[in-house]
Amino acid sequence: MKITIVGTGYVGLVTGTCFAEVGIDVTCVDIDINKIENLKKGISPIYEPGLDEMIERNVKKGKLKFSTDLSQCLDDTEVVFSAVGTPPDDDGSADLKYVLDVARTVGKHIKNHILIVTKSTVPVGTAKRVRDAIQEEIEKRGVNIDFDVASNPEFLKEGDAINDFLKPDRIVVGVESAKAEDIMKRLYKPFTLNGHPVIFMDVPSAEMTKYAANSMLATKISFMNDIANLCEIMGADVNMVRKGIGSDSRIGHKFIYPGIGYGGSCFPKDVKALIKTADQNGYTMRVLKAVEEVNDDQKSVLFTKLYNHYKGDLKGKTIAIWGLSFKPQTDDMREAPSLVLINKLLTEGCKVKAYDPVAMHEAQIKLGDKIEYSKDPYDALNDADALLLVTEWTEFRFPSWDVVKKLLKQPVVIDGRNIFDLNELKKEGFIYYCIGVDTSK
Ligand SMILES: NC(=O)c1ccc[n+]([C@@H]2O[C@H](COP(=O)([O-])OP(=O)(O)OC[C@H]3O[C@@H](n4cnc5c(N)ncnc54)[C@H](O)[C@@H]3O)[C@@H](O)[C@H]2O)c1
């Protein structure tokens, strides 16, 4: 079976590589010439554990190819997956220009039946717009070619994307015809042999499922952050509360960790887009509006703790930051809470020294020379007035506290992920703050 994946980013590259891994002939297409030239040389544009080795293996086997020209792939492909970006437009709605560009290119060059599957996260109704755009281009050519559209939203997590793709909890597919359902069943068979279901449904429901899933997860995070902030005021310990409620199987332990707000390329934009879709259709997503409001405030929580500690006198202070990516195991800096924090620190006249195991390059693209990039975690601490833990990379979990104390000018640690032990830090002589616990007691 031959398939084409359009958009070679986090989703497209992982999707293409995993399909190649199970023996499908895959061509990954991108308009970014640099990206494709690098991939042909074996250089991956993203950090994703296990991906580089898998790309290399499948390129060698001839199962995985790269191209910048979608039109040339269409003669010889059964399925086209569209995994291009859907960034937020100025008003918060999903910008569909890349998705519709792909559709028009397909319409201009399609010769035989193809199933066009949208993997990007897109609002309800997009499959119809994709169908119309393809049909319009076919009609302009004065030909009659049969094609199908389908929706197959992606649920992979950056940092564990390969595992998620190869062993998905579920695969959601929206189809309009038995032919499309049959093709999708064949394609996903290798991933469902051990019982993971493919859930077939109508296309609008599949499109909505992705937004509902991300919005539910974002809601859990904001809810827990709200509870954490109240715990701190009321003298309760959110770490205990989290364990207490997570043990209830109706609630579960996942996505109820308090922190510094959600970021990344999906939750912020998908929550915004769903709010916008509802507004445009005469409905108000009251819960999601609150989720967003809590999240916006939570991104400032570390800054506020530091500001209060130094009674507003931050000018000239040096602040060490551990972790820049929006979560561990990824170099993705899109909507990372670290960016909000750093901008606030810079506005107050602080000097920022930061270290991240993999996101330094991406951070440099976003922040340039506004901050100092340290060569390791300890290097960031030299003469710093506080250490702020932003991303919970495993390598930050057990630092040598005596070394940390020697290097810091002031023994102040502010933990945005509650990974350090309050009693240990106090015993070591640190002033320690975390989320959802009054550490002054
Ligand atoms: N990143 C995630 O964790 C994740 C998870 C699930 C779903 N999604 C969704 O998947 C989609 C893609 O996300 P991503 O993070 O992979 O994006 P990305 O920005 O990493 O990659 C998108 C790629 O599409 C390419 N592109 C744009 N227009 C093109 C065109 N006309 N032809 C060929 N290539 C084109 C870009 O050059 C870019 O390389 C988005 O809708 C996103 O919401 C992302």
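This is a predicted model: local features need pLDDT of at least 70, side-chain atom pairs count only at pLDDT 80 or more; totals for chains, interfaces and linings use all residues.

Q: Which side chain does Asp-75 meet in a salt bridge?
A: Lys-111, at 3.1 Å, N to O. A salt bridge here is a side-chain nitrogen of Lys or Arg within 4 Å of a carboxyl oxygen of Asp or Glu.

Q: Where do Asp-75 and Lys-111 lie in the chain?
A: In distant parts, 36 residues apart. Asp-75 is in the loop between helix H4 (70-73) and strand E4 (79-82). Lys-111 is in the loop between helix H5 (97-109) and strand E5 (115-118). Helices (H or I, at least four residues) and strands (E, at least two) are DSSP runs, numbered from the N terminus.

Q: Is Asp-270 buried or exposed?
A: Buried, at 0% relative accessibility. Buried means under 20% relative accessible area, exposed over 50%, partly exposed in between (1.4 Å probe, protein chains only). Asp-270 forms a salt bridge with Lys-269 at 2.9 Å, N to O. Lys-269 is buried as well, at 16%.

Q: What does Glu-292 pair with?
A: Lys-272, with the closest N and O atoms 2.9 Å apart. Glu-292 sits in helix H12 (residues 286-298) and Lys-272 in helix H11 (residues 267-280). Glu-292 is buried at 16%, while Lys-272 is partly exposed at 37%.

Q: How many salt bridges does the structure hold?
A: 26. Glu-158, Asp-332 and Arg-334 are linked in a network of them.

Technical notes:
Residues are numbered from 1 along each chain as its sequence is written. Side-chain values use heavy atoms; hydrogens and water are left out.
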